[in-house]
Amino acid sequence: MQYLLLIYTEEADPDAVSAADREADYRAYGAFTQEVVDRGFLRAGDALEPTATATTVRVRDGRTLISDGPFAETKEALGGYYLIDCPDLDTAIELAAKIPGAAQGSIEIRPIWELPMASMAGEPAAQTAD
């Protein structure tokens with residue numbers, strides 16, 4: 001089963017974080033990432049740029065509306081993610097608890113809804129014989 005582990009933490013000014021703290025974070029995330037790789041669960045993962053770089057797009061009455069920044073104004077921001085493929089939710093919870101950001105923020109676990117590719121492409125589903 002595939003799960004998306006969404007990492008929410010309070011955004012910090014990168015200039016306010018000491019080099020030692022930044023290096024400790026890199027090491028902690030590197031160790032976690034290596035564990036997920038070694039266990040064969042990692043499918044993807046990345047950190048995200050700060051919310052100040054975000055662009056939000058909405059379509060209302062056929063018009064595309066664009067605004068700078070994230071849609072939601074919250075204290076915690078989506079800072080990164082891991083896409084994993086593991087046996088079950090219990091394993092996903094175990095891994096989420098090991099993500100360094102869980103100590104300061106929260107990790108949202110979302111199962112991936114695996115849709116058939118034909119339906120995503122707008123093609124009719126294959127017919128089965130009765």
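Two strands are taken to pair if DSSP finds at least two bridges between them. Helices (H or I, at least four residues) and strands (E, at least two) are DSSP runs, numbered from the N terminus. The model is predicted: local features need pLDDT of at least 70 and side-chain atom pairs count only at pLDDT 80 or more, whereas totals for chains, interfaces and linings use all residues. Residues are numbered from 1 along each chain as its sequence is written, and side-chain values use heavy atoms, with hydrogens and water left out.

**Figure 1. Pairing of strand β5 with strands β2 and β1.** Strand β2 (residues 42-47) runs antiparallel to β5, and five bridges join the two. In this pairing, Ala44 stands opposite Leu83 of β5. Strand β1 (residues 2-10) pairs with β5 (residues 76-85) over nine bridges, also in the antiparallel sense. Here Tyr3 is placed opposite Ile84 of β5.

Figure 2. A pocket is defined on a 1 Å grid over the protein atoms alone, as an open set of points where a 1.4 Å probe fits, with protein on both sides within 12 Å along at least five of seven lines; lining residues have an atom within 4 Å of a point. The volume, about 1100 Å³ for the largest pocket, is the space filled by probe spheres set on the points, which are joined across faces, edges and corners. Of the 29 lining residues, Thr9, Asp25, Tyr29, Ala47 and Gly79 lie nearest the centre of the pocket. Elements giving two or more residues to this lining are β1, α1 (19-38), β2 and β5. The lining comprises 15 nonpolar residues, seven polar and seven charged, where Ala, Val, Leu, Ile, Met, Phe, Trp, Tyr, Cys and Pro count as nonpolar, Asp, Glu, Lys and Arg as charged, and the others, Gly among them, as polar.

Figure 3. A salt bridge is a side-chain nitrogen of Lys or Arg within 4 Å of a carboxyl oxygen of Asp or Glu; the whole structure holds seven. Glu23 and Arg27 form one of them, with their closest N and O atoms 3.6 Å apart. Both residues lie in α1, four residues apart, about one turn of the helix. Relative accessible area is computed with a 1.4 Å probe on protein chains only (buried, under 20%; exposed, over 50%; partly exposed, in between). Glu23 is partly exposed at 39%, and Arg27 is exposed at 51%.

**Figure 4. A salt-bridge network that includes Glu35.** Glu35, Arg39, Glu94 and Lys98 are linked in a network of salt bridges. The closest N and O atoms of Arg39 and Glu35 are 3.0 Å apart. Glu35 also meets Lys98 in a salt bridge of 2.8 Å, N to O. Because Glu35 lies in helix α1 and Lys98 in helix α2 (residues 89-98), this pair ties together parts that are 63 residues apart in sequence. Glu35 is partly exposed at 24%, as is Lys98 at 38%.
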